[in-house]
Amino acid sequence: MIFAFRPLEGGYPIPMRVVGANIPYEWIIYILMLIPIGFFIYGFWLRSRIWSQAQGELHRNDQVGRRILSVLGYTLGQKKIIEKPLPGWMHFFLFWGFVFLFIATASFAMWDKIGFPPLTGNFYIYFSWIVDITGFLAMIGITILAVIRYWQRPDRLNDTKPMDGWLLLLIFAILFTGYIIEGLRVAAQIKLSATMSQIAYERAASPIGWWFAGMFPGMSLESILSWHRFSWWFHMAIAFIFIAAIPFTKLWHIFTGMIGYYSRDLGPSAARPMGNLEEAETYGVERIEELGWKDLLDLDACIRCGRCQEGCPAYNTGKALNPKTTIIQAMKKHLDNKSPFLLAVDSGDPQDALTMTVEDEVQEVNESEKHLIYDIVTPQVLWDCTNCGACVEHCPMFIEHIDKIIEMRRNLVMWQGDMPSEAQMAFTNTERNYNPWGVGWASRAEWLKERDIRDLVNLLPEDGGEFDYLLYAGCAAAFDDRYKRVGEALVRLLHQAGVSFGYLGTEEYCCGEWARRLGNEYLWQTLAKSNIENFDRYGVKKIICICPHGYNTIKNEYSQLGADYEVYHSTEILGLLLAEGKLNRGGNKAYQVSYHDSCFLGRHNNIYQEPREVIKAAGGQLLDIEKSKQFGFCCGAGGGRMWLEEESIEGFKRINQTRTEQLLEVDPEVIAVNCPYCLTMISDGVKETKDDSSIRVMDVCELLWQTQSS
C-alpha cells in the first residue's frame, strides 16, 4: 500500500493514491491483473466441479439468518481461530491486516479515478493510520506464525510441507515490500517538499511508513524514485502470484472456510440419517464420491493446523488414528489424485475417461480403483475413533470428521461384514436380548428388587397410573452391578423430590446408540423404533436419561424417525430440583472432587455447568483440571468402543489410564462422573494407576444421594 500528496493547495496537503505517480504506464496493471483473476476463477471452477461429483445428499440451506451470522462471526470475528490464543490472535492480525489493505487499495483506486471516497483531511489521516498499523500487525502475525511452525515446531504441525514455508515467505514479502514502497514514497515526498506541516502530516498518517523512510537517509532523489518504481512492480507481481495461487494451495481455506461456516451442521449432535434401509442399494460409503459435497469441501478447507490431533485421545495414546493425516489429509490426497478420472467421466466422453494422458493415466486409473476404506483410510484407523468430538469441537474450519468415520463404519459393518469380533458379539447379544451384555431381557427390571426400590417406581404396565416423566434407566442400570447403585440413587432422589415418573422395565429396549456409532444402522433403527413405539403407547412426553449416550440419541437422533420428546439428563433434572428446593444441599463438610466431563454430555450437548452445580450442592469442592469442559479428554469408551478391546501400544498408556492420571494430578478424594461408560473406564484406570483404595469414583447422582441420606 502506498500513499502520496498532491502539491499544497492553500497550504493544505491533499492525499492521493500513488498508482500513477512515478509509475510509467500504470494503466497496464489493470490489464495484467486479469491474468491472476483468470487463474483464480479457473481454480474455483475446477474445485467446484470436484465438489459436484459428490453423491451424498447434504442439504444445508435452512436457517439462513443464523448461517449468515455464522459466516460473519467466524470469518470477521475469527471466533474459532482465537480459541488458541497465540497463533489465533496472530492469524486475527494477519486476516484484518489484509482486509484493511484490500479496502485501502480499492479506496485509493476509486479516489484516483472518480474522487470517491473523499480521502482528505483528518479522515484520510485516521484511515491511513489504521491501514498502516493493521498492516504492520499482519507482518508481526506472519512472523510469529513462522516462528511457531519452524522454531517451536509443536507436534500438531509435524507434517509441515515446503509449500507452507513458501506461502509464509510470499505473504511476508507482500507486506514487507508494501512498507518499503511506502517508505520510499515518504522519503521522496520529504525531499521534494519537506515543510513542517507536511512532515507532521506524514508522521500522523503513515507512522510505519515514516519509520521505513528512515532506511533511506543518504539516497538521492533519483535513486529513491528508481527503487520506488522497481519495488512497486515487484510488489504487484508477487501480489498477483498470491491471487493466482489461492485455489491451488492451502490459501484456498480463505474461501472454503467461509463456505464451511455457512454450510456447517447447525443441528444437534447426531449421526447422519440413512433413510429407508430396505430401499438402499448400498450402505455407508466406500468411494470418496459417495460422500456429500460438504464432506469434499471439508477436505479442501483443512489447513493442517493440527488442532484436531492435539485433542484426539486415540492419537495421544499412540493409535493409528490421526484425524488430520490418516482421515482428512489422506482422503484429500486421494480425492486430488482421483478427481481427473472423475471429471473425465463426468464430461460424458468415455474416451476421455479411458485415455486422459499417457503417463498420468496409469496413476489416475489406479487411484480410481483404490478402495477408500481399505487402501486409503484403513479399518484400524476407523475403529480407533471414540467419537469424543474433540476433533470437530476444535477444528477452526468446522470439518465434520465423525460423520465421515461413521459412514465408512456403516459400509464395513453392513456391506463388507468386516468388524472386530467383540463388536459382532455385542451385536449378537443385543439382537437376542436387547442389550449388549447379553443378559436375558426378562430380567431387565430385576435391579429394582435387588436394590429394594421396587415400591418407589411406577413400573409400566404393572402399576399403570399417571406419570410426568419416563425414567429411561438404560442397559447399564439394569445389568451392570456397579451402575445399579447409580440407578438406585437417582430413583430415590426423584422419589424424595416428589417427582411422578414411570419405568418401562422389560418394555424398555437398549437405546442402540453404541450400535449406530459402530456402524450398525439397522440394529439402531430396530431398537429405536421399538422404543418409540412403546414410548408412544404410554403417552410419553418427557424422558429422564441417566446415560449421556442414551440421552444424546433419544434427544437428538430419535427425531430422525419421527419421534418428539422432551429429554433430560439426570444432572439437569437434579439441578432443577435443587433450584426449586425439593432436594437438600450438603452440609459444611467439603471434600475434594475431580470432575470428569463425559464427551456426549459435554462436547456433544454443551452441558457443563449443571453437573458441577449438583456436585457443589452435594458438598463437593471442585478442583481445577487442565483438560476439562470442551478441552476434556475422553475415557475411551465412546463411539461403541465400550465393547471393543483397546490395543496396548508400547510406550503409551491406554486412553482410560491417561485420563485417570489427568484426574488424579490434583489429588482428589473423589472422582465424579456422569456416565456408566466413564464410571467403568475411570474405575478401572484408578485400579491400574494408583494403589489407593481411598480414591472413590462416583456418579454425580450418588454424591447427591449420600447428602440426602446422611
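Me: Is Asp 298 buried or exposed, going by its relative accessible area?
Reply: Here, buried means under 20% relative accessible area, exposed means over 50%, and partly exposed is in between (1.4 Å probe, protein chains only). Asp 298 has a relative accessible area of 1%, so Asp 298 is buried. This is a predicted model, where local features need pLDDT of at least 70 and side-chain atom pairs count only at pLDDT 80 or more, while totals for chains, interfaces and linings use all residues. Residues are numbered from 1 along each chain as its sequence is written, and side-chain values use heavy atoms, leaving out hydrogens and water.

Me: And what is the relative accessible area of Lys 294?
Reply: Lys 294 is buried too. Its side chain meets that of Asp 298 in a salt bridge, 2.6 Å from N to O. The relative accessible area of Lys 294 is 0%.

Me: About how many helical turns separate Asp 298 and Lys 294?
Reply: Both sit in helix 11, 4 residues apart. Helices here are DSSP runs (H or I, at least four residues), strands are too (E, at least two), and they're numbered from the N terminus. So the separation of Asp 298 and Lys 294 is about one helical turn.

Me: How many salt bridges does a search of the whole structure find?
Reply: Side chains of opposite charge can pair when their charged atoms come close. A salt bridge is counted when a side-chain nitrogen of Lys or Arg is within 4 Å of a carboxyl oxygen of Asp or Glu. Searching the whole structure gives 44.

Me: Which residue forms a salt bridge with Glu 400, with the closest N and O atoms 2.9 Å apart?
Reply: Glu 400 lies in the loop between helix 19 (390–394) and helix 20 (401–416), and its partner lies in the loop between helix 10 (253–263) and helix 11 (293–301), so the pair ties together parts that are 128 residues apart in sequence. Both residues are buried. They also belong to a network of salt bridges that includes Lys 294 and Asp 298. The partner is Arg 272.

Me: Which residue pairs with Arg 444 in a salt bridge?
Reply: The closest N and O atoms of this pair are 3.1 Å apart. Arg 444 lies in the loop between helix 21 (421–433) and helix 22 (446–450), and its partner in the loop between strand 5 (501–503) and helix 25 (513–518), so the pair ties together parts that are 64 residues apart in sequence. Both are buried, and the partner is Glu 508.
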